[in-house]
Structures are given as C-alpha cells and as structure tokens.
Amino acid sequence: MGLLDYFRNTRPSTASIAKERLQILVAHERSERNRPDYLPMLQKELLEVIRKYVNVDQDAISVTMEQDDKREILELNIILPDDSQRKKPNRR
Amino acid sequence: MARIIVVTSGKGGVGKTTTSAAMAMGLALKGHRTAVIDFDVGLRNLDLIMGCERRVVYDFVNVINGESTLNQALIKDKRCDKLFILPASQTRDKESLTVEGVGKVLEDLSKDFEFIVCDSPAGIERGATLAMYYADDAIVVTNPEVSSVRDSDRMLGILASKSRRAEQGEEPIKEYLLLTRYSPERVKLGEMLSVEDVQDILSLHLLGVIPESKAVLNASNSGVPVILDEKSDAGQAFSDVVRRYLGEHVTHRFIDVEKKSIFGRLFGG
C-alpha cells in the first residue's frame, strides 16, 4: 500500500457506511415486527382514557414492547403537560 | 417424504431462479430425485433458465385446477433423468394459487421425490408467500447491497411468522444465507459489504458465496444451469453449495481476492 492509499483510506469506506445504516435499520424494523398486533389499538384507547382527565397531546404517549429471553416488558410513557395547561377537574 | 426447499429473497434480480436451477440440477446430479417448481405465475422464467421452454405443455396452475395430471405437467430434464421441472402458468395470475392447491401438489410430489425446490417470485405477495409456506428449508439469496440485505431480513420475518411450520408451532424453517454476485476485489477496496458484514446483520448460517461471474449470463443465454459449467467459478461455487447443503464439509471459496501469478503480476492479466 502506497503513501497515497494511506491518506485515501482515512475516509470511511462506503461499505462501512452501508453496514452501519443497515444495522440501525434492521434493528428498528425487527423491533416493530415483534410488536403484538394489539399495540396500536391499546395505545389509542389508553390515550382516550387519559384525555378524559388530562389534556395531553397525541404524541405525548408512547407504548413500547421489549422482549428478552425470559420476559416481555410493556413500557408505557406519558408526558404530562405543565400545571397551567391541565384541565380543572369538575368540583361541586 | 421429500424435503421442501424454498429459494427466496424479497428483492428481484438477485439470482433466485439461477440458484433454483443450479440447486435442483446439483441435487439431481448427486442422485436424488428432485423436482423444481416455478412459483412466479404470470412471469415464468425457470423454463428458460433450464432450457426447456419449448417443451412446456401443461403448468402448475393446470395441475392445481385438475386440468392435467402432475405427470403430464412435469418436464423431465434431458441432461439428468433424476430432475423434473414444473413450470408456472404464463397466462393466469397469481390468484390462481391457493394454499390447499399448492399443498396438494407438494403432497403428491413428496411421494415420488426426495427434494422439491420452490423458486419464489420477488416481492411478498401470494406467489412468494405460498412458495415458502410449506418449506422445510429456506435459501435466502442476497446480494451484498443495502436494499437486498434489508429485503432478506424482511423475508426472514415472514418465514418465521407466516409459514406452515410457524403457524403449527413446529420446528422452524432452517434458514441459509447464499450471498451472490460477490466481488472480492470491491470488498477489498471497501466498496462492497463483505461476507462478514452481511452475516453480522442477518445472523444466518452461510451456505455459500457465488462470485460475480460472466458464466451466469452465458449459462442463461444458452439455457444450461450454471452448475453444469464445471470450469467456471460460479459453477464450482454452486457445486460446493449443493455438497454443503447435503451435509459435507466444504471450505468456502471465492471469498478472497485471488493471488495473481507472477505472470499475471508482470503483465497485469
């Protein structure tokens, strides 16, 4: 390998860019594939219930399913708005 | 009972039909009675690659619909008497294939053959899902290229969830990686994903690597499965693949850049 090649090789090769892009993409697509079918419906209904009490955005809720050998973890994450934006509960 | 092998990929043009023809011929040459079925209804091409396009009378759909018997539709290869081809229909559409119909044909073939090679069409529609539905083994044909690798992974997901074995909770389909159109020179230059890269991403058992080769086009031009071109690199690579599939231990070849001889070095041959 000549001196010129040495300098040329400091840039990442297109093959390594391809590998990195694929690893990220494939990991993402696999996690979606393993999601149970009911997840989107569950997310929608949970959102409706929460909205009865708190005024949250459509994207303020995230439902994720993680799997390892021993167990499945259903993670529910809701971002509540600041106090000022909350609906006042009806008091008699 | 026959072993059912699906040759699949998701993406088109990666070498499924070339592989199906070579695998089927290779298995038959090893003395196993083998049938190869074209599942690409409406766009049949296996007949052309096998060189029997002028001998097609009845097809897969005719058999499913009871318009001909299996024996009437099967074409006996002229080079190897253990090999039979079941062509796809050119005039009907893929809706002609049904789970029951395909199941019945495979069941009948199973009585008479040791291996059934199913040449899947590209895509993930009916023809492709039915080609893999009854499979015992899957050969996932992949090019060292981003869209092909991604589609192969998608296909693996379908194999694991939508096959008969998956639905009935049986032992899953055995999946093998076949990397085709591989160019060691470009890998060395960092222009092409390497065998290891693709294996890292797909985590599949490597059945073989077929180098990018002029022999493949020459073979399809003349309707001779490339495995019969014993002098060619691709032909030899496919022979290795068949032996490996049958359980022999064969060292992988055509992965590294071949060292040039002194003569080659001097004259840049």
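## Ring pairs and a helix contact

Ring pairs link B:Phe115, B:Tyr176 and B:Tyr245 into a cluster; rings of Phe, Tyr and Trp (its six-membered ring) pair if their centres lie within 6.5 Å. This is a predicted model, in which local features need pLDDT of at least 70, side-chain atom pairs count only at pLDDT 80 or more, and totals for chains, interfaces and linings use all residues. Residues are numbered from 1 along each chain as its sequence is written, chains are lettered from A and ligands numbered from 1 in the order in which they are written, and side-chain values use heavy atoms, leaving out hydrogens and water.

**Aromatic pairs**

- Over all chains, a search of the whole structure finds 5 aromatic pairs.
- In one of them, the rings of B:Phe39 and B:Phe60 have centres 5.1 Å apart and planes at 80°, so the pair is edge-to-face (planes under 30 degrees apart count as stacked, over 60 as edge-to-face and the rest as tilted).
- This pair links distant parts of the chain, 21 residues apart: B:Phe39 sits in the loop between β2 (34-38) and α2 (46-50) of chain B, and B:Phe60 in helix α3 (residues 60-64) of chain B.
- B:Phe39 is buried at 1% relative accessibility, and B:Phe60 is buried at 0% (buried means under 20% relative accessible area, exposed over 50%, partly exposed in between, with a 1.4 Å probe and protein chains only).
- The rings of B:Tyr176 and B:Tyr245 are also edge-to-face, with centres 5.9 Å apart and planes at 70°.
- B:Tyr176 lies in strand β7 (residues 174-182) of chain B and B:Tyr245 in helix α12 (residues 233-245) of chain B, 69 residues apart.
- B:Tyr176 is buried, with a relative accessible area of 13%, and B:Tyr245 is buried at 10%.

**Where two helices meet**

- Helix α2 (residues 14-33) of chain A packs against helix α10 (residues 195-202) of chain B at an angle of about 20°, with their axes 9 Å apart (axes are lines fitted to C-alpha atoms, for helices over the stretch in contact, and angles run from 0 to 180 degrees between N-to-C directions).
- That makes α2(A) roughly parallel to α10(B) (under 35 degrees; over 145 is roughly antiparallel, 65 to 115 roughly perpendicular and the rest oblique).
- Residues of α2(A), including A:Leu22 and A:Arg30, meet residues of α10(B), among them B:Asp197 and B:Ile201; contact means heavy atoms within 4.5 Å.

**Chain A overall**

- Chain A has 3 helices and 2 strands (DSSP runs, helices being H or I of at least four residues and strands E of at least two, numbered from the N terminus).
- Buried residues make up 17% of the 92 residues in chain A.
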